[in-house]
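Here's a quick briefing to read with the model open beside you.

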Amino acid sequence: RIGLQFASRLYSTAGSAEAGLPHHRFFQLDLWTYIVMADVGPTFCFAPLDEAAFERTTAVCLGTGRFLRAVLVPALVELGGEVVLAQTRGTSFGAYMQGRKDSRTYEVDTVLQDGKVLTSRVPVAACGSLGVPAGRAAFMALPAKLPKLRFVGLGLTEAGIVHNGKSILDLAEFLHACFVAGLAKEHPLSMVNTDNMPFNGDAIKNHVHSCDYTQGVPRSEEFQQWLRNHVVFHNTMVDRITSHRTGQPDVPRAEPLPAKALVIEDLTGALPQQLGSVPGVVVRSKPKLLELDIALKLRIANGLHTAMVYAMSLGRIFQTDGCIGHPDILPYLEQLFERDIAHACTELSMPRLQVTPVFSEWMSRLQHPHFGLGCLFVCQNAMQKMGIRLLPSVKATLAAGEEPSLFMVFALAVILRFLTPVGEQTKLSEQPPVFVGHLDAAKDDTPAVDAWEYTPGLWAHPSEGTYEFRDGDGLVPMLLRPLGRPGGCSVAAAVSITSDVLSRLEGFDPRGCPEHGRLARAVGMMLQRMLQGEPAMHVLASLRPQQPLLLQEKQLEEAVRQEVEAAEAVDVHTHLFPAGHGTQLMRYGIDAMLTYHYLVSEYLATSTDRPAEFYALQQKEQAERVWQGLFVKASPISEPCRGVLTTLNALGLRKEVAARDLEAIRTWYEGQDEEMFNEKMMRLARLRYVVTSHDPFDPRETASCLEPPTQAPRYRSALALDKLLEGDWSAICHTLKEAGKPCTLRGATELLQRCLEALQPIFLTAATPHAFSYEQLSGSPQEELLDAALDSSSAQQPPTPQQVLDLVVLPLCRSAGLPLSLRMGTQRGVCPELRMAGDGVGSAQLGSLAQLCRGHPQIKFMATVLSRGDQHEAAIMASKFRNLHVWGCWWYCNNPSVVSEVTALRLEMLGTGFTFQTSSARVHDQLIYKWIHARSLLAKLLTSKYVELMSTGWCVSRGDVRRDVLRLLGGAFEDFLAKPL
């Protein structure tokens, strides 16, 4: 009965005037169809999964492919809207969502390079299947129910972008429903496809306009005019390796989001400005820029992939992640890029600063140990790839007046070696013909590998030393076949046949162009070496790919900036909690930024508000007063104010900031999902991970120290003991009583041991009090103090910081093998009425740090100091004690003038043996500005140091720069943690 009622209601509106849709063949369905739809459930027939979901829906996606759900849908959700997903065939996604109706989300796994998995949950407004007749009818009825519809996502591959293709007809019909519903009055409808077919938007537009549905529908001319005026078909480029979770094909499993996972051409300004700030999304608003993105992807990412897989396959390295740690493969790719591919800068009129990041990111992606591809699979269509991916770099090199390098010669020759049939050929009659090639001889330690089918119809037989392959119509392998016969590979024959083969590439004329002739001869001679039995990997090694790529002084500034911008950093000191810790601890948003203690103290210093009155206000009102006082009625010149602006600019809120529109900024933040926002901040700041300080004596954090949620992938933990060293015995005793522990140092030790086991921190950390002192004592610590009462009822003096260190902290460090990180020089409560904003600067008492390092040589210490005046002494101390590592410019030192001075001092005294910077952030948004500003300063400082080195005659390579940058941005810290004392 319920099914009949539901079906009757749907049928009565599906083709009614109220729905704004005509009664045509797709709505002439019998009642039984709707009963079936009611029976299969709401996730098959586009029923809203939340009552108000359609009011928030801004996008409909025609397709549910894993790439579309891993890239486009999350990007659209980040804009603050919701998305309807339509499976074009089958019902698997509806079945998957049927089991997730309560959360109405699907999952996406992002596998980080360390193997940790970040699982995002993406909300779905509704979903269904066009493969179910009733679902199809419901889908075509959606436009009348979606007043805010602005985007249509498409998952069309090249095979589906054809005249009168099913998906084209579905799209045309859906757009007609949008036309009838009167949509796209305020904003045009944007069609965004997720495929790499060149100019895919233009092609889809042409097919939609010319298809039979558009031409034959009532009011056809009016509909076509509406399409021209109110629908934008964007050209796109996409790039993210995506598979699926093991055993769960409906859950995308993807590599970390590339910088250009989705590039969208928007020449008319149809897209919202904020879309360009979504990680992984690039919006191109000028002609030809998308073409340049495509050219760079083909030449750099695809070209390097092509250059390596043939040599690896012949050398029996069958997965692309086999390049990790290989002595020659990655250096070869770097040589190829620098000597040949980089000439694209001149040919395409692009600054090197836009080209190198594409290379750096691709090299990082190649080294992801959990996303290797099959080399033989990538080897398909070899000659086509040579012409599209490598030949443009050859031409650019020649146009620059230089000869292609030996590394490019190798890249071409090894492809021809792969395409040379060797031995008996039994499948030449197939269409297209299948050839057999020979792998290079296996080394004695090469593990045995069974035969496998690497793509339908093609097999690899490593035990027999053979592989099968196809290439186009088979003409190139047939031309090369004589070289694979015994005695058929003389130098003359190899050069002659190579010239014939390469002449098949468009624009390559070895007989008419001397430069092309010289290249063909070099390729032929190298091919002859390999066919005569020299393994491809031996030939590569003989080219010395590890030779340094030295920089000229004029290249230095750009090279340093590129490496600093590309490197992922480690933020060793933050107070940032992932979303799993709850809203009380996970802080983000414009109000949190504006009420941060830096800005509060700056505001209260000049305003008429009294601190007590200000703190009595709700956070929203506090933020409004700070905004008015520091951003509207004054220029936001201070570093904390500039930081807010840098952050908002990076988030794409330039228009809102220019209008000084705080409410519009808040509205944007309201549309952000906490968990996705966390990852967004990490990516915009380019961080590998952050270290969060967990305070077990803070009642808001105690539970998460004893029973922490599952650790989020980009977060590590440090156990914060500030209250112990600063003697906040009231807070400590309260925590110990709540945990059922005695209010003694022994009770504190037992609690901390539980925290260490549960939290698994990578170090302990504490701020030292202003009067901190640590002296060398004769004899052992007074262990009777372990059981002395700490609460106010005790007549004994509370333990000193030294006693706390000797009896509790240092023994924990020793037993757990963990460093102690000290933040030194804080003077608490200089102005108590300002609360946290009232702390000041004092002396770090670095003699005590020296005594700690000297007295405990088997314990590692990390340190930062708050006073500018203590920095010189701290650097000297770090140069004396191998168990001491200095890090960052903390708190009041985190201003550009001080950071520049302190970092220059440390570089001059410690080389790269320190950690350059940390954010000390308490609000996630602060990561953006603190790291953008820090990287800018580091690039300038390093450039000046390398110029000084070059003036002595010392040569600097790009590899030197990359190594040094990685050390300063976290590598030295990790080396310090790992080194034995």
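Start with S349, which sits in the loop between α13 (344–347) and α14. Keep in mind that this is a predicted model.

- S349 isn't a glycine, yet its phi is positive, near 55°.
- S349 has a relative accessibility of 66%, over the 50% cut-off, so it counts as exposed.
- N381 is another non-glycine residue with a positive phi, in this case about 60°.
- You'll find N381 in the loop between α15 (375–378) and α16.
- With a relative accessible area of 39%, N381 is partly exposed.
- Q431 and P432 are joined by a cis peptide bond, with omega at about -5°.
- P432 belongs to the loop between α17 and β14 (435–438).
- As background, most residues other than glycine have a negative phi, and most peptide bonds are trans.

**The α16 and α17 pair**
- Helix α16 (residues 382–399) packs with helix α17 (residues 406–418) at an angle of about 170°, and their axes are 11 Å apart.
- That angle makes the two helices roughly antiparallel, because the cut-off for that label is over 145 degrees.
- On the α16 side, the contact is made by A382, M383, M386, L390, S393 and V394.
- α17 brings M408, A411, L412, I415 and L416 to the contact.
- Sorted by class, this contact has 10 nonpolar residues, 1 polar residue and no charged ones.

**The largest cavity**
- The model has 4 cavities of 30 Å³ or more, and the largest has a volume of about 290 Å³.
- Its lining takes in 21 residues, with P74, E78, R240, L257 and E679 lying nearest the centre.
- α4 (66–78), β3 (105–111), β4 (117–123) and α30 (674–685) each supply at least two lining residues.
- α4 gives the most to this lining, with 5 residues.

- Residues lining the second largest cavity include I241, H305, T320, D321, W362 and R365.
- Also in that lining are L366, H368, F371, G372 and L373.
- Helix α14 (residues 352–366) provides the largest share of this lining, 3 residues.
- By class, the lining of the second largest cavity divides into 5 nonpolar, 4 polar and 2 charged residues.

Conventions. Residues are numbered from 1 along each chain as its sequence is written. This is a predicted model: local features need pLDDT of at least 70, side-chain atom pairs count only at pLDDT 80 or more; totals for chains, interfaces and linings use all residues. Side-chain values use heavy atoms; hydrogens and water are left out. Axes are lines fitted to C-alpha atoms, for helices over the stretch in contact, and angles run from 0 to 180 degrees between N-to-C directions. Helices (H or I, at least four residues) and strands (E, at least two) are DSSP runs, numbered from the N terminus. Angles under 35 degrees count as roughly parallel, over 145 as roughly antiparallel, 65 to 115 as roughly perpendicular and the rest as oblique. Contact means heavy atoms within 4.5 Å. Ala, Val, Leu, Ile, Met, Phe, Trp, Tyr, Cys and Pro count as nonpolar, Asp, Glu, Lys and Arg as charged, and the others, Gly among them, as polar. On a 1 Å grid over the protein atoms alone, a cavity is a set of points where a 1.4 Å probe fits but cannot get out, and a pocket is an open set with protein on both sides within 12 Å along at least five of seven lines; lining residues have an atom within 4 Å of a point. Grid points are joined across faces, edges and corners, and a volume is the space filled by probe spheres set on the points. Buried means under 20% relative accessible area, exposed over 50%, partly exposed in between (1.4 Å probe, protein chains only).
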